[in-house]
Amino acid sequence: MKKMLTICFALMAAVVMNAETTTTLWTGSDTAAWDNRIDIPCDWTTVSEGDVLTFTAVTEGNAEKWASFHLLSAAWNKVVTDLSFPYEEGATKTCTFTMTAVALDSALNAGGLGVQGFGFTLKKIELTTGKTPEPAVEDLADSVLWTGEQTID
């Protein structure tokens with residue numbers, strides 16, 4: 001019983017220490033354009049590789065029936081190309097981007113990141129940090145509470 005309680009407390013502590021945190025970085029209503037960059041206000045020193053940016057937008061009616069965007073550095077260099085929202089005219093849609101080493105390097109060394117695109121009005125940008133890593137297989141071995149076989153009639 002003591003071992004089971006110890007395992008439960010250890011798992012709860014791990015969840016609390018590694019809990020995901022979602023922060024809204026920007027809210028508003030800014031129509032995307034290829035000649036307009038919507039800056040993402042963020043302290044990039046607090047972001048890690050693997051953290052997730054979530055973009056929420058309303059897709060807008062256009063003849064091409066698509067809504068796509070790029071992430072740009074503050075110097076207007078493309079960091080990530082060809083991100084897109086599932087297109088449904090007038091619908092609120094989301095798109096996520098997992099921060100890579102290249103994107104993080106651009107954010108830190110080129111003055112930040114921004115969004116440039118077509119076919120949508122950006123409504124919100126969120127950052128999710130601190131994803132809990134999946135436990136390694138060897139970590140699970142000590143938490144097995146019962147092994148065996150049981151027949152249920």
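Predicted model: local features only at pLDDT ≥ 70, side-chain atom pairs only at ≥ 80, totals over all residues.

Let me begin with a single contact between charged side chains: Glu 89 forms a salt bridge with Lys 65, and the closest N and O atoms of the two are 3.4 Å apart. By salt bridge I mean a side-chain nitrogen of Lys or Arg within 4 Å of a carboxyl oxygen of Asp or Glu. This pair links distant parts of the chain, since Glu 89 sits in the loop between strand S5 (78–84) and strand S6 (92–98), while Lys 65 sits in the loop between strand S3 (52–59) and S4, 24 residues apart. Glu 89 counts as exposed because its relative accessibility is 52%, whereas Lys 65, at 48%, counts as partly exposed. The cut-offs behind these words are under 20% relative accessible area for buried, over 50% for exposed, and partly exposed in between, with a 1.4 Å probe and protein chains only.

Residues are numbered from 1 along each chain as its sequence is written, and side-chain values use heavy atoms, with hydrogens and water left out.

How many salt bridges does the structure hold? There are four, and among them is the one between the side chains of Glu 88 and Lys 93, at 3.1 Å from N to O; Glu 88 is partly exposed, at 44% relative accessibility. Another joins the side chains of Lys 124 and Glu 126, at 3.8 Å from N to O. Here Lys 124 is partly exposed, at 30% relative accessibility, but Glu 126 is buried, at 18%.

Now let us step back to the whole chain. It contains three helices and eight strands, where helices (H or I, at least four residues) and strands (E, at least two) are DSSP runs, numbered from the N terminus. Reading from that end, the order of elements is α-β-β-β-β-β-β-α-β-β-α. Of the 153 residues in the chain, 35% are buried. A contact means heavy atoms within 4.5 Å, and among contacts between residues at least 6 apart in sequence, 80% join residues at least 24 apart.

Next come the sheets. Strands of a sheet pair through backbone hydrogen bonds, either parallel or antiparallel, and two strands are said to pair here if DSSP finds at least two bridges between them.

Strand S4 (residues 68–73) pairs with S7 in the antiparallel sense over six bridges, and Ser 73 stands opposite Leu 113 in S7. Strand S2 (residues 38–39) also runs antiparallel to S7, joined by two bridges, with Val 115 as the bridge partner of Ile 38.

Leu 113 is also among the residues touched by Ser 106, together with Val 79, Gly 111 and Gly 112, not counting residues up to four places away in sequence. Ser 106 belongs to helix H2 (residues 101–109) and counts as buried because its relative accessibility is 17%.

Finally, the aromatic rings. The structure holds five aromatic pairs, and rings of Phe, Tyr and Trp (its six-membered ring) pair if their centres lie within 6.5 Å, with planes under 30 degrees apart called stacked, over 60 edge-to-face and the rest tilted. The rings of Trp 66 and Phe 118 have centres 4.7 Å apart and planes at 45°, so this pair is tilted. Trp 66 lies in the loop between S3 and S4 and Phe 118 in strand S7, so the pair ties together parts 52 residues apart in sequence. Lastly, Phe 55, Phe 69, Phe 85 and Phe 120 form one aromatic cluster.
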